Amino acid sequence: MLKTTPFHERTAPLCASHAWRRWAGHVVASSYELTHEREYHVIRTAAALFDVSPLYKYMVRGRDAGRLLDLVVTRNVQKAAVGQVLYTPWCDHAGKVMDDGTVARLNDTTFRMTSAEPNLRWLQDNAAGLEVDITDVTGGIAALSLQGPAAGSILASIGAPALKYFRIAPATLHGIAVTVSRTGYTGDLGYEIWAEAGNALALWDAVMEAGRPYGIMPAGLLALDMARLEAGLILIDVDYVPARKALIESQLSSPYELDLGWTVNLDKERFNGRDALVAEKARGPAWQFVGVEVEWSSLERLYAEVGLATRLPSATWRMSVPLYADGEQVGYATSGGWSPLLKKYIALAHLRSRWAAPGTPLEMEMTVEHRRRRAAARAVKKPFFDPPRKRA
Amino acid sequence: MKRYDAIIVGGGHNGLACAAYLARAGRKVLVVERRERIGGAAMTEEVFPGFRFSVFSYVVSLLRPEIIRELELPRHGLHILPLESTLTPLRPDGKAGDYLAQWSDHDQNRRELARHSVRDAEAYDEFGLLLHRMARAIKPLLGVAPPDPASLDLRELWDLWRLGRYFRGLPEKDLHALWKLLTMSAADYLDEWFEGEALKGTKSASGIIGTLLGPRSPGTAYVLLHHYMGELDGVFRAWGFARGGNGSVSAAIAAAAQAHGAEIRTQAPVSKILISGSSATGAVLDNGEELRAPIVVSGADPRRTFLGLVGEQHLPDEFAAAIRRYKFRGSSAKVNLALAEPPRFICMPQPGPHLRGAISISPSVDYLERAYDDAKYGEISRRPYMDIIMPSMLDPAMAPPGKHVMSIFVQYAPYHLNGGWNDARREELGDTVVNTLAEYAPNLKSAILHRQVITPADIERIVGLSEGNIFQGELTLQQMFFLRPAPAWARYRTPIRGLYQCGSGTHPGGGVMGAAGRNAAMEILGARA
Ligand SMILES: Cc1cc2nc3c(=O)[nH]c(=O)nc-3n(C[C@H](O)[C@H](O)[C@H](O)COP(=O)(O)OP(=O)(O)OC[C@H]3O[C@@H](n4cnc5c(N)ncnc54)[C@H](O)[C@@H]3O)c2cc1C
């Protein structure tokens, strides 16, 4: 049996589509309504409520908690202030990305880590000789993500403190003890709320109730996927193969190759993969992870040639699509789709460094009426969508 | 007298596969099988009215995908049904929930493993991935005649060079891991990965199948990998239960052979391989009938072939000595039950998908090692390791409607039993198995309609496998690859010109795999495998 999340009693009756998706051994809604479109627009216009409980969560406590995390992740954890949240990948000893997630400093010696894959064993194995206690709290903590321009007002109305971007604080929402972080996976103004699983239903009710005047809607993973694509945010197993699952060398990626170089803090004396990353930085990565924009006129022409109006994907696709330049394949896109907001056909792609500079003309493979064609495209800067309210 | 291009001695699945490939290449082939039915250890029989038993081997795990494709086995009736879970009860008696299950669904499996150990649940995928890579690394060895590193033969040197280059191309960490697998015991190897006793017990069991070794004996880690090889072809779905039992694997290969023109004769035991000078010229049957062919291929095991059918007088001393030293030491038995109702396991009392998978009585490495201790000194394990499947749950036609058949593979029952095997000891073995299993599923005893107990002595008598070794010789490192069955003679050829071997006693070894039969045919045809 698959697990259900602590919110299932609320989300199940709302899921009119009966479309569920698996996420880390749980079922969560793909969309609540029959199509996900409105759920997507709510992220950008009001506030969308996501159940993100399946994320793996670990409490790391003790004198050496910061040291352990610094050994594991690429960013500098010990330098983080209390109440700060770091987005970070972590690497194996060869400097290849194993996973990515967040580390929140709850107090001097207590951190909470979230991840996409289970990491208890990895943390424990790295903790040899350190004074640190690691607890898997995945099942014990329920998590909601409230994303969209109205998210701040909704939470403030039930007692959440003002928070800066990537900060976290304890709060009491409608009488329920929680921590609230200003984080999310949509590239919008957004918050994540962490509560004991036993309080999940009361929390859901409180947030939904408070959000009603602001047009809150529960939203599923299809809407989330469109938002994260616009935000240029990478997705494990889709945009990269985590090192633990790679079968062959070429499936591995370093943080530099995933455009996560900014998270690699080589000033730290020791962390997993450091030597390899120092060398790679000096050498320059072979691949880059970039945005790609398909040219509308080219797309339109391909369809016009077969007598059709342009067709667009209605949801974010997740597959490997070849990219060409100068007559040869120079990379591949791993996620893509139509941005209803930007009115652009966009994709996230791995390109050989030589062809990765913004503006580089490319061609993307498209299947148009059963035939493989190539549409004109170009490399662009990520994120595609970056509203000031995200950080304001 | 009819003349043939090749005579195959023994209609085991390997002999049949060899015949099919030779016939497919246009050779006139005759298979002679001593029993009244083909299949050898891959055989289905209606032992009790309405109940069909896959009498000896019971799952398909290693059957080579290229054989399935090239011989078009699905067209000839092969249908492999998935067998996807393994249930390990944690203790006799106990209560509902006292089990460890391994499921095919990733999420379900992870959740179940985490119930026992979160660390094991996380290690599981990585372990699987490593074994997958290791299996891939050595897989190229399976489909070829193994080159002998001591040989000066040009072709072997060429093969050796290719293999050497291949192994040097492996990432360093894979080479290290491979070396560990080659040298360690299954238990030690698993200790590096897991903490759960039931998980380690169950996984280590595949390291001891068909050997007189315990999970703590060095070298058993490799055997684990040998059995993992089948999972490599996961996408091909070659792992499971053959509809109709393993006899239908043999039947499909036989049908392919016949479609290509091969002749198959049963009740035709060969008493002697004819040799003139240093060349094989044919075979003589028990009834005195002589069959002539320039090529004779033996699918019987090496001892039977060389010391029995050929005779030491025709063999170089050194070779005869190597064959005499080649180890069999059968240690496995089978108990096949006809059941009026399915078993109800205390740990999982409801009928459910667990009965469509394997049930493994392997609560810990200690349990297996203790079972081995008894066998080491010539006794039946007081509490044996058992690998159980319920064929009728997968293919209801194996039993009358509503009734069931249960196949129990048992270790250890040593061939060299103190005092020897007889009817009383056979029944004692049957009782030990049923009594042990009934501690986990108490309704078992009253459900039994018929019981067939097969000791290693029975395996030898019925199938002709020396000392009842299920793999035609122990699958241990000292007699694998270029050492199987004897140094310098691992490429299906023998010191007698025109005489070849194609059974499990040659590379790559035992199991319903067909590889030896196919490789031998390729060698005979002079083709590169
Ligand atoms: C109890 C048991 C359980 C097993 N379980 C499994 C399993 O689940 N999965 C798996 O993959 N493998 C299993 N095996 C192993 C597998 O069955 C064998 O390795 C494989 O079937 C051997 O095939 P073969 O063709 O090489 O030899 P055999 O099957 O031994 O065939 C040799 C044939 O030669 C015949 N023969 C011998 N001498 C003569 C003669 N003088 N004249 C004419 N004919 C002769 C014999 O009658 C026999 O038919 C099991 C084996 C046993 C015994």
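Student: Where is Pro508(B) found?
Tutor: Pro508(B) sits in the loop between strand E19 (499–501) and helix H18 (515–525) of chain B. Helices (H or I, at least four residues) and strands (E, at least two) are DSSP runs, numbered from the N terminus. This is a predicted model, where local features need pLDDT of at least 70, side-chain atom pairs count only at pLDDT 80 or more, and totals for chains, interfaces and linings use all residues. Residues are numbered from 1 along each chain as its sequence is written, chains are lettered from A and ligands numbered from 1 in the order in which they are written, and side-chain values use heavy atoms, leaving out hydrogens and water.

Student: Is the peptide bond from His507(B) to Pro508(B) cis or trans?
Tutor: The bond from His507(B) to Pro508(B) is cis, with omega near 0 degrees. In chain A, the bond from Lys382(A) to Pro383(A) is also cis, and its omega is near -10 degrees. Pro383(A) belongs to the segment after strand E20 (371–380) of chain A.

Student: OK, on to the ligand. Which residues come nearest?
Tutor: Asn14(B), Glu33(B), Ser504(B), Gly511(B) and Val512(B), out of 36 residues around the ligand (a heavy atom within 4 Å).

Student: And what is the shell made of, by class?
Tutor: The shell has 18 nonpolar, 13 polar and five charged residues. Here Ala, Val, Leu, Ile, Met, Phe, Trp, Tyr, Cys and Pro count as nonpolar, Asp, Glu, Lys and Arg as charged, and the others, Gly among them, as polar. Helices H1 (13–24), H11 (302–310) and H17 (456–463) of chain B each supply at least two shell residues.

Student: Which polar side-chain atom lies 2.9 Å from a ligand oxygen?
Tutor: One from Gln472(B). On the backbone side, a polar atom of Val270(B) is 3.0 Å from a ligand nitrogen, and one of Val463(B) is 3.4 Å from a ligand oxygen.

Student: How much of the ligand does the protein bury?
Tutor: The protein buries 97% of the 1,000 Å² that the ligand exposes when taken alone (Shrake-Rupley method, 1.4 Å probe).

Student: New topic: at what angle do H4(B) and H6(B) cross?
Tutor: The axes of H4 (residues 118–138) and H6 (residues 172–183) of chain B come within 10 Å and cross at roughly 90 degrees. The two helices are therefore roughly perpendicular to each other (65 to 115 degrees).

Methods:
Polar contact = N/O pair within 3.5 Å; in protein donor to acceptor, adjacent residues only side chain to side chain. Axes fitted to C-alpha atoms, helices over the stretch in contact; angles between N-to-C directions. Parallel < 35°, antiparallel > 145°, perpendicular 65-115°, else oblique.
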